[in-house]
Amino acid sequence: MRKCIAFCPDRTHTRRWVPCTKRATHGSAVCEMHADSLAGIVFGLGVLVSQAIAKTTAFGSHESPDEQDFAEPEDAPSNGKSKNTTRRPGTLIQ
Ligand SMILES: [Zn+2]
């Protein structure tokens, strides 16, 4: 069995990392503790990405951005009639 390839914080030096002393689980490069830690981080990142995607694609839902964040299209016709006040997604002001 191979040794775990991960590093752990050194308990005696605050800014130093030392190789993990545990054995890698069968078929893996890391020990059970580091496999669980890595899975937890990956799942957490997945949740963050899902939330960011849901937030940016929430048009028409209860979480839609404030209408003031959108600009009028610059290519709107100026024929003297009242402006079309319909907001179109995709013209977000930076
Ligand atoms: Zn380990």
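**Ground rules.** I am working with a predicted model, where local features need pLDDT of at least 70, side-chain atom pairs count only at pLDDT 80 or more, and totals for chains, interfaces and linings use all residues. Residues are numbered from 1 along each chain as its sequence is written.

**Overall layout.** I looked up the elements and got one helix and two strands, in the order β-β-α from the N terminus. Helices (H or I, at least four residues) and strands (E, at least two) are DSSP runs, numbered from the N terminus.

**Helix 1.** I checked its reach: 25 residues span 36 Å from first C-alpha to last, close to the 36 Å expected at 1.5 Å a residue.

**Burial.** A residue is buried if 20 or more other C-beta atoms (placed from the backbone) lie within 10 Å of its own, exposed at 12 or fewer, and partly exposed in between. By that count, 4% of the 94 residues in the protein are buried. In helix 1 the number buried is one of 25, so the helix lies largely in the open.

**His-34.** I then turned to His-34, which sits in helix 1 (residues 32–56). Why does His-34 count as buried? Because it has 20 C-beta neighbours inside 10 Å. Setting aside neighbours within four places in sequence, I found His-34 in contact (C-beta atoms, placed from the backbone, within 7 Å) with Cys-4, Ala-6 and Cys-20. Cys-20 is 14 residues from His-34 in sequence and 9.0 Å away in space, C-alpha to C-alpha.

Terms used: Contact = placed C-beta atoms within 7 Å. Expected span 1.5 Å × (residues − 1).
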